[in-house]
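Here is a short briefing to read alongside your viewer. Please have the sequence and the structure open as you go through the points.

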Amino acid sequence: MPQVSCLKQVRQKYNLSVRALSKKLGIDSAYLSRVECNKVPASRALIEELAKSLKLDRQMLMAMNGHMPEEWQKAITRSPESAIRRVRSALQSDGARHHSVVAESLPEYGQQSTKTNGNGLHDPLADIFPPGYLVSPQINEAYELKLAALESANLTPEELLARGGYFLAINGQPTNHFRICTGASLKVGDGSSARLQSFMQTHQFKGSYATHGLFPYRGKFHPQMIKAIINVIGIKPGDVVLDPMMGSGTTCVEASIMGIDSVGVDVSPFCDFMTRAKLGGLTLAVEEVDATLTDKRLLKRQFEFLSSDQGQRAVADRSFAPQRISRASFDLIALAYLDSQGYARRSQRKNHEGFFNEVLERYLFAVKKFQKAHKSGRWRLGTARTIIGDGRHLELKDASIDGVVFSPPYSFALDYLENDASQLDYLGFPRESLSDRMVGLRGKKGEERVELYFQDMTAILSEAHRVLKPARYCVVVVGSNSNQLAAALGLDPESEEARLGIENRLTAIAAKIGMRLDLSIRRLIVGMANSMREEHILFLRKSSDSDVH
Ligand SMILES: C[S@@+](CC[C@H](N)C(=O)[O-])C[C@H]1O[C@@H](n2cnc3c(N)ncnc32)[C@H](O)[C@@H]1O
């Protein structure tokens, strides 16, 4: 088997041309090119020189390029069994699985910081990220740092500039993520508390950017995390990513922003509508919404139309074409109408019409902000197709998808139909019409509900496996929910079975279907008063030789 060199990636990480690196190493540039193209193997001497001049981990570089470091050889000769046992156990550990994802760029992890103070301490971030990589200052959890490290290891500087999630700048150039998020964060309502305002500020790079902040959908993803996941699993422009339970459409919106095409499926017609409105906001003609907002009579007429039966039917009808404005502008206005209905119900401060004005203004602010950033960066947006459908029976071809990213209901932790009842009623879909297809809501009580939940999740994962191309990833973000699960199953909360959260059960189901767990990243849910205190990001990989059914 030809040995694949990782020299090119190392060189690109350091922003060096072939000529510059060959000069640094004192070798012929034609030879370096041949090594990079895997035409000739990298010699030991070349690797030694590379490690020395870029201050990289020599042993790791040697191993990555098919040479056994002498120190390892000595350890094996001295005590072969124990050395092999240690390698084997390392391969089974989380760290090794992590390495399998980042394998091609491992040398970065050996990079030494050049900045030390008098005591020899240095910034440990310098061991993870190459110089010139400006990491988001809002990274404050271990899972974010892990995702950022994986992004940095798997993407070239150019790719990070275009679609990295956790970087603000690369070698002095602002990333597109920075362009989108910088400036005043999403406008919050007049009466919002100082706490909410400060939350919006600290989440500027995480969640309230582009059109992600429109409509407060419960249980939605952090879009920045989704961006990184899409990157880590190697999805690139030209590929298609699928979310079979799209909810408020975070995956589709984020994929579009990254220039990646997507398909989103949800059983709820409201989720479909909301996602289309958020996608439309990325490109709609802002003057149309501006005109509605500035002309008070026009605004009133829109409000009255949306309050009428005819208006309701128009919103629900995917083929409805408004006369004076585009469908995308109409959808944004209608989403603001539905959002403001919720505000009016919860607050005495204003009536529905009063909130409508305020919410639409906020939506337009977010849309304009994104479009301005997009104009300054001028990159291609991806296209998204949304489907009202059942994730257990996808109308998609076998092996047609490059990556699946989704978050299922966490068993029966949240009743999505009750949550969206008024919007579904407005669209003409009473909850009874959907409950037999809604994962997590089937069955009457306890054990039966749990059994049906895992039956449905088996169907969802089987479909994800069927539509995925071989060797590609299905990423599931799921809360453990072990306490609620144990209670429903009547288990002793201290028993081993009770502590087996949803994530372990889904991992076992996926393994049977033909998707093995490559990496699992734990994420704590802070500030939640309920029993579900952690989520897991499961990177499941479809085997490369599996039969496509
Ligand atoms: C946790 S939410 C997804 C949230 C989403 N990741 C986001 O960022 O907004 C789970 C979604 O699964 C959907 N769902 C439940 N059963 C489904 C089914 N059989 N097929 C497709 N979607 C389903 C629900 O309507 C809900 O929107």
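The notes below cover confidence in the model, then the ligand and its surroundings.

This is a predicted model, and the mean pLDDT of its protein chain is 85. The ligand sits in the largest cavity, with 23 residues around it.

**Confidence**
- In the protein chain, 86% of the residues reach a pLDDT of 70 or more.
- Please take care with residues 91-114, where pLDDT stays under 50; the model has 66 contacts beyond four places in sequence for this stretch.

**Residues around the ligand**
- Ser-248, Thr-250, Asp-266, Gly-391 and Tyr-416 come nearest to the ligand.
- Sorted by class, the shell comprises twelve nonpolar, seven polar and four charged residues.

**Polar contacts and cover**
- Thr-250 places a polar side-chain atom 2.6 Å from an oxygen atom of the ligand.
- Tyr-217 has a side-chain N or O atom 3.1 Å from an oxygen atom of the ligand.
- Gly-391 contributes through its backbone, with an N or O atom 2.8 Å from a nitrogen atom of the ligand.
- On its own the ligand has 600 Å² of accessible area, and the protein covers 100% of that.

Methods. Residues numbered from 1 in each chain as written. Predicted model: local features only at pLDDT ≥ 70, side-chain atom pairs only at ≥ 80, totals over all residues. Heavy atoms only, no water. pLDDT = per-residue confidence, 0-100. Contact = heavy atoms within 4.5 Å. Near = heavy atom within 4 Å. Polar contact = N/O pair within 3.5 Å; in protein donor to acceptor, adjacent residues only side chain to side chain. Areas by Shrake-Rupley, 256 points an atom, 1.4 Å probe, with all protein chains shown as cover. 1 Å grid on protein atoms, 1.4 Å probe; cavity = no way out; pocket = protein on both sides within 12 Å on 5 of 7 lines; lining within 4 Å. Sits in = over half its atoms within 2 Å of the grid points. Nonpolar A, V, L, I, M, F, W, Y, C, P; charged D, E, K, R; others polar.
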